[in-house]
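Take a look at the model first.

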Amino acid sequence: VSRAPDITRVDRYADLIVRVGANVQPGQNVFVTSSVEHASLTRAVARSAYEAGAHYVDVNYTDPYVRKAMIELAPDETLTATPGWMLERVAGIRDGGAVIGILGEPEPELMADLDQERVGSTRMAEYGRRYLAAVNAGEFNWTLAANPTAGQAEAIFGEPDLERLWEAVARSVRLDADDPVAAWREHTTRLKARTEQLDELSLDAVQFRGPGTDLTIGLLGESRWRGGANRTTDGIEFVANLPTEEVFTLPDRRRTEGTVRSTQALALGGTVVRGLELRFESGRVIEVHADAGEDAVKAQLAADDSAAFLGEVALVDGTSRVGQTGLFFYDTLFDENATCHIAYGTGILFASEGFDGLGPDELRERGANVSAVHTDFMIGGPQVEVDGLRGDGTAVPLLRDDVWQLDE
Amino acid sequence: VSDALLERYADLAVRVGANVQPGQLVEVSARVEHAPLVRTVARAAYNAGASYVDVAYADQHVRRAMIERGPDDVLGWTPPWLLERMRDFGAHKSAAIGISGDPEPDLLADLDGARVGRARMPELADESMRQVNDGLVNWTVIACPNEGWARKVFGEPDVERLWQEVAFCARLDEDDPVAAWRDHVERLDRRTRALNELRLDAIRFSGPGTDLTVGLLPASRWKGARSFTADGVAHVPNMPTEEVFTTPDARRTEGAVRATRPTVLNGNVVLGLEVRFVEGRIVEVHAESGADVVEGQLTTDERAGYLGEVALVDGTSRIGRSGLIFYDTLFDENAACHIAYGAAYAETVEGETAGLEGFNESTVHNDFMIGGPQVQVDGIRRDGRVVQLLREDVWQLPS
């Protein structure tokens, strides 16, 4: 049993999540998804949300051990089923709600001894489809934040040094600033400026070159770079991930070519994937190798016809606070902000313009991927050069030695 | 607590309590503090062939934030997705396992009692009561010891000791708990048969501060540990249970009654409750503490102030023998005779309850303890003859 962390810090973190992350508006229902291990932060978030004027705070606690029992013992069809009421909950979210996800894996390797094909295929498919569609349509304000736990600290440091993890998290999410809200305003403005620079270049592709990596990712005419704060269709500004250090866009699902080697491990729902190498041809993953967790990746890639195509490419430089901690957090929310990454699975449609109102088949036809999965993995670092390729074939250096090459 | 004890309780809850059937959807309702038992129950349920175990973890701190800081109109609001969830369980004829054991019984004590009383989801409570009354769900309630609960009971957070007491009360200390429960259920069944044969018209309680007559309906039937769903699945709704109970005629409760034990209500401890009834209805409420919470509950709807249950428990009760006040109705109601204001159970009525005069319908149901060695209990037959039921906590009928 770990001691409860300093209450002031938890409350400040909760305020950041509610006011900067989700930016909860008076009268909104707030839908919190959390895990039983994260009760202390969840409670602080509920208090903060009511303080911000929330109408009702709905907390849906999950439990990794109950999930493990399901993956191990439940009938096959249960693994992908969505309980009817969860769809009603999505309807509630879409009816003017805000969403806060509290993440953090207290036991990153909990699922390691299970059948990885079952681990990889477990997800509420219909729920995922409807939820992602609403996210992509910008229907509501949402954020994801992580709660540090002793188990995560143990995985990272080899000892349950929760205090040290809290310090790393606080630094990563700028809680150490005198005025975290102002610090976030400055930070999101800087990321926004990067997206404008990149959009002005009208890139046709992004190229990564480094050890084990020679990858070209085609972009679409409709691709737009995003980063920092987002905006709902109703104009509510929110920061979808705490922390966030990335600028990212939607790739052309048909035009990924070459090989890529991950530069960091990847925590994938209770399994740690190490040494992942993928080869792409005409957009599709055609070869998968990994030192650990290969089966879980393969199961995910087989989840549906589109899982093996890219849905996101993201750039992160060496000024990243997450990267500067030098830690592998066993949590994608943090780890994807340490360095450049790509995601196989569904496309980040809000990083595009001109696709409004199109169905999944039309989107795929036009190069935007639609799938039930979305998994980020890290491919950047000091040894990986990143170039932008313009339509006329000229290359624009974007990252060298982890340093951002465009003027700031 | 040992994994072995957790597994004994979980297995008992799944196999005897809820009696989970292969392919059934299983609902588990618990607090976040109950995670160790919930996890074991989930495994046991899947091992019994559950199709899916849907766990709803409630968090009283989140609820406290709502009562303290939420808008007025949210207090009586039922989120549609939670109602849909409850309806799903009825529609699928699910199994349900509830976990009791309040980690912080006094958590809401400093809040506005009226707001605490109003912070309910009436549509959810209605749907839940409908499913129980229609026999749609095979369900049980068990308890998970935790630090806060142990502190309440012993004055110190001795969770291990509370586990031992709970194990005793729930017969987990027997070599074969399943066989022990079979015997126990049989014994309570014999009591209900004896009571049903008497065709009582009323029950009378007399003791210090208590002189209460609870009228029964001609259709009232006594029930013990075991229930059956409409489809005939046997289940034991409470583990532990020591009571036999029936449905009163809500119009015919008369007199005064003094609670003999504390009642925990929405996180508030109600001490020294005294209630007076006229023509079935509660017309006066006094308490040393928590009276406002009771009054808040009694105003939730028209019928909250009428009785929905009367139950008899004798001194052989393991809960009574533990000598403890558990501050938890699942246990304390099994220490002594009790009554409940609010909704009545259809399962203790012969025939249709729709339109039945005297069958109480409400969105609340709250038990409080009125029995003990100093309280005599008599049955009154239709012809006015009096039958002794309890004297000094000893069961007077053959059993």
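Q: In which sense do strand 3 and strand 4 of chain B pair, and over how many bridges?
A: Strands of a sheet pair through backbone hydrogen bonds, either parallel or antiparallel. Here strand 3 and strand 4 of chain B pair in the parallel sense, over 6 bridges. Ala95(B) stands opposite Asn138(B) in strand 4 of chain B. Two strands pair if DSSP finds at least two bridges between them. Strands (E, at least two residues) and helices (H or I, at least four) are DSSP runs, numbered from the N terminus. This is a predicted model: local features need pLDDT of at least 70, side-chain atom pairs count only at pLDDT 80 or more, and totals for chains, interfaces and linings use all residues. Residues are numbered from 1 along each chain as its sequence is written, chains are lettered from A and ligands numbered from 1 in the order in which they are written, and side-chain values use heavy atoms, without hydrogens and water.

Q: Which residues lie on each side of strand 3 of chain B?
A: In a regular strand the side chains alternate between the two faces of the sheet. Ala95(B), Ile97(B) and Ile99(B) are on one side, and Ala96(B), Gly98(B) and Ser100(B) on the other; all are buried. Buried means under 20% relative accessible area, exposed over 50%, partly exposed in between (1.4 Å probe, protein chains only).

Q: Which strands stand at the edges of the open sheet in chain A?
A: This sheet has 8 strands in the order 15-14-11-6-5-19-20-21, with antiparallel pairing. Strand 15 (284-289) and strand 21 (403-404) of chain A stand at the edges. Each has a single partner strand, so one side of each is left without a neighbour in the sheet. Strand 14 (residues 277-281) of chain A joins strand 15 of chain A through 5 bridges.
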